[in-house]
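Please look over the protein shown below before reading on.

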Amino acid sequence: MIIKDSDNNVHRYSSKANWKSKRRNEILRQIFPVAAVVLVAVIMIFLSLLQREAEKEAAAEISETAEDSAAVQEEETVVEEPFINILDKNNYELTVTWDGAVKKDTMEGIQTGLKQEIDSLKGEGYSAAFLLYDLNSGGGISYHPDTEYYSASAIKAPYVAWMVQTYPETAEEFYPEIESAIMWSSNEDYFVLINNFGKSGFNEWASQTVNTEVELSDGSFGPVTCRDFARLWINIYDYFTSGSETAEKIRNLYCGTDESAIYETLGEKYMVYSKAGWSFEGEDSYYTVQNDAGIVMKGTDPYILVILTDAYERLDLLDSVVEEMDLAHTELLAQES
């Protein structure tokens with residue numbers, strides 16, 4: 001039998017043979033190579049698509065990982081500078097120093113909060129200086145630490161501390177005068193102490209304590225700075241925690257003193273020993289002040305806090321500064337955990 005294929009080629013088949021079967025095999029032999037090529041092409045295309053999809057997913061995963069890594073890196077970026085005790089730091093503007101690494105966002109948050117307090121005081125027309133000294137590390141916070149302010153009655157705290165350390169018997173003999181001078185800021189009783197024990201001994205002791213000249217004026221008060229006052233209060237802290245009988249006798253007189261923003265703000269949370277001082281001689285007078293200084297016994301992390309301002313009778317503003325300073329101290333302590 002003679003059969004022509006699609007290309008007009010002639011094929012002969014025996015009449016006895018199964019020509020249909022042979023013909024099918026010939027067609028399959030012609031189709032198979034083409035089908036194989038097509039199938040390979042389809043597979044290649046499919047594999048290429050799968051590869052592209054995998055590459056996209058991998059790229060997305062890498063990008064996401066990189067973003068997460070960058071976020072973590074940003075969060076964990078730390079501010080770590082050579083440590084300098086805050087009392088020895090040569091600074092004027094707002095300064096935070098800590099003995100250890102501090103996260104960048106923590107440092108920025110502390111500075112932002114304190115700058116807002118400074119701006120609030122300035123917005124009301126007042127000036128201020130403050131210093132926080134951590135008694136364990138020597139780290140802390142300061143702003144205008146060497147600016148002089150009139151001490152007013154805040155100076156009574158170190159005067160009494162000097163007096164009872166130098167003359168221990170006075171803790172008993174002059175207890176009523178000490179109580180009135182410290183608790184209620186009585187000038188009359190303070191002058192009784194001055195008249196009995198003078199100024200020169202205190203001036204000499206205070207000057208040695210702060211490494212600079214300290215001198216009570218004719219009125220028995222005088223100029224102070226945050227840095228010098230903090231050093232005087234460090235001496236008071238050492239005395240209060242010395243186990244001395246006289247220290248134990250007078251120590252509690254420094255707790256709950258009149259007009260103390262430090263006690264008013266933190267006294268319910270911690271034991272606070274402090275003494276405020278205030279005076280008004282006109283809005284632009286050097287003698288117009290609202291000051292406070294003391295020790296905050298914050299568990300195992302006590303600190304000295306000094307705030308000097310000319311914001312007379314604005315305890316609301318001082319309370320806010322005290323609260324922000326304590327919060328900043330808490331944030332700094334948290335960096336160690």
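Threonine 288 is buried, its relative accessible area being 3%, where buried means under 20% relative accessible area, exposed over 50% and partly exposed in between, with a 1.4 Å probe and protein chains only. The model is a predicted one, in which local features need pLDDT of at least 70 and side-chain atom pairs count only at pLDDT 80 or more, while totals for chains, interfaces and linings use all residues. Residues are numbered from 1 along each chain as its sequence is written, and side-chain values use heavy atoms, with hydrogens and water left out.

**Surroundings of threonine 288**

- Threonine 288 sits in the loop that joins strand E10 (271–279) to strand E11 (289–297); helices (H or I, at least four residues) and strands (E, at least two) are DSSP runs numbered from the N terminus.
- The side chain of threonine 288 comes to 2.5 Å from the backbone oxygen of glycine 282, a polar contact being a pair of N or O atoms within 3.5 Å, of which, within protein, one must be able to donate a hydrogen and the other to accept it, and for which residues adjacent in sequence count only if both atoms are side-chain atoms.
- Leaving aside residues up to four places away in sequence, threonine 288 touches Ser279, Phe280, Glu281, Gly282, Thr309, Asp310 and Tyr312, with contact meaning heavy atoms within 4.5 Å.

**Helix H7**

- In helix H7 (residues 200–210), the buried residues are Phe202, Asn203, Trp205, Ala206, Ser207 and Val210, and their cover includes helix H3 (156–166) and H8.
- Asparagine 211, which follows H7, has a positive phi near 65°.

**Second largest pocket**

- The lining of the second largest pocket includes Glu148, Ile155, Thr212, Pro223 and Phe229; a pocket is an open set of points on a 1 Å grid over the protein atoms alone, where a 1.4 Å probe fits, with protein on both sides within 12 Å along at least five of seven lines, and lining residues have an atom within 4 Å of a point.
- Strand E9 (223–224) and helix H8 (226–240) each supply at least two lining residues of this pocket, and H8 gives the most, with three.

**Protein as a whole**

- The protein has 11 helices and 12 strands, and buried residues make up 45% of its 337 residues.
- Of the contacts in the protein with a separation of 6 or more, 63% are between residues 24 or more positions apart.
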